[in-house]
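Please look through the sequence and the model shown below before reading on.

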Amino acid sequence: MTGTSSPLSSSLWRALAYGLHPRIIWLSLLPLLLSLVVLGGLAWWGWSDAVTALASSLNTWPWLSTLLSWLNQWGVPGASSVLAAMLLLALVVPVVVISCLLVVATLMAPSVVRMVVARRFPDLASRHRAPWWASLGWSLGSTALALVVMLVSMPLWFIPPLGLILPPLIWGWLTYRVMAFDILAEHATPEERTLILREHRPSLLLMGVITGYLGAAPSMLWAMGALAVVLAPVMIVASLWIYTFVFVFSCLWFAHYLLEALQNLRTRPVDLPLTPPSSETALS
């Protein structure tokens, strides 16, 4: 694929510039506010009870109970509660992140695409519109598969340097699949989408991996150990907003790149397949 680096870099800088637009900033805050209401309700309703129940469950494991007793003897009181809170956070944060991605993909992506089209591609015709349930189904299916891979690969995260490689690769793969489908859903025909994704798949995968690493940046906030547990509400809010903004930036980057690719495709003669494969095949 010739000339890939120029569209890749130009779309990156355009995405960064658009990310400072007040409308984009508001879009990144909207799912945060909605999620805060849900998380706040859960924290108020059952966080302490959940930590207590999990701590009691941990104490029933003989080897873990011995380890916790040893920590208490060495001057680390409440180790079971700290461990339970950290494990609970480890379960809550991925769910919150996945929810943000689904919100961005199903609700915010169309708004971002319309903004990019209106400001940069006003003459780009919409030749096909995938139904909303197809986009939602694709996002849910891809997300479920990513969650399975994440859970299966978790033991490998403790083996250096796989802990720094596998999570961004998983998020990058998921971002690539979800964003690529949703960006082209309102304008490209299935034939055009198939051809674009086949020709530009290396660049799209690279974009997905880069945004995957960006999405892993908030995990550094949790490197504060026990202090992260004390500041858990603030940490979750900060992590959630960073994740959401990264997802919005990813949508902008993919929108600029894919819509430019679609426009260029329509300016050159090309033989499209008579019987297009399904969208799922096109994105696999």
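## Overall architecture

Helices (DSSP runs of H or I with at least four residues) and strands (runs of E with at least two) are numbered from the N terminus. The model is a predicted one, in which local features need pLDDT of at least 70 and side-chain atom pairs count only at pLDDT 80 or more, while totals for chains, interfaces and linings use all residues. Residues are numbered from 1 along each chain as its sequence is written, and side-chain values use heavy atoms, with hydrogens and water left out.

The protein chain has ten helices and zero strands, and its pattern along the sequence is accordingly written α-α-α-α-α-α-α-α-α-α. Contacts, meaning heavy atoms within 4.5 Å, reach across the chain: of those with a separation of 6 or more, 85% are between residues 24 or more positions apart.

## A cis peptide bond in a loop

Pro160 and Pro161 are joined by a cis peptide bond, with omega at about -5°. Pro161 is placed in the loop between helix 5 (132–153) and helix 6.

A residue is called buried at under 20% relative accessible area, exposed at over 50%, and partly exposed in between, with a 1.4 Å probe and protein chains only. Of the 284 residues in the protein chain, 43% are buried. In soluble globular proteins, nonpolar side chains tend to be buried together. A nonpolar core is here a set of buried Ala, Val, Leu, Ile, Met, Phe, Trp, Tyr and Cys residues that are joined through side-chain atoms within 4.5 Å.

The largest nonpolar core has 38 residues, and Val116, Ile183, Leu204, Leu258 and Leu259 are those with the most contacts inside it. Two or more residues each are given to this core by helix 1 (5–18), helix 2, helix 4 (79–120), helix 6 (162–184), helix 7 (190–216) and helix 9 (232–266), and the largest share, 13 residues, comes from helix 9. Leu204 touches Tyr176, Leu197, Phe254, Tyr257 and Leu258, when residues up to four places away in sequence are not counted. A second, separate core of six residues includes Met150, Ile170, Leu174 and Val178.

Rings of Phe, Tyr and Trp (for Trp, the six-membered ring) pair if their centres lie within 6.5 Å, and planes under 30 degrees apart count as stacked, over 60 as edge-to-face and the rest as tilted. By this rule there is one aromatic pair. Phe249 and Trp253 form this tilted pair, at 5.8 Å centre to centre and with 35° between the planes. Because Phe249 and Trp253 are four residues apart in helix 9, about one helical turn separates them, and both Phe249 and Trp253 are buried.

## Salt bridges between helices and a loop

Side chains of opposite charge can pair when their charged atoms come close. A salt bridge is counted where a side-chain nitrogen of Lys or Arg lies within 4 Å of a carboxyl oxygen of Asp or Glu, and by this rule there are four salt bridges. In one of them, the side chains of Glu186 and Arg114 meet at 3.8 Å, N to O. This pair links distant parts of the chain, 72 residues apart, with Glu186 in the loop between helix 6 and helix 7 and Arg114 in helix 4. Glu186 counts as buried because its relative accessibility is 16%, whereas Arg114, at 45%, counts as partly exposed.

The side chains of Glu260 and Arg120 also meet in a salt bridge, at 3.3 Å, N to O. Glu260 lies in helix 9 and Arg120 in helix 4, so this pair ties together parts that are 140 residues apart in sequence; both Glu260 and Arg120 are buried. Arg266 forms a salt bridge with Glu192, where the closest N and O atoms are 3.0 Å apart. Since Arg266 lies in helix 9 and Glu192 in helix 7, the parts tied together are 74 residues apart in sequence. Arg266 counts as partly exposed at 22% relative accessibility, while Glu192 counts as buried at 4%. Arg127, Glu192 and Arg266 are linked in a network of salt bridges.
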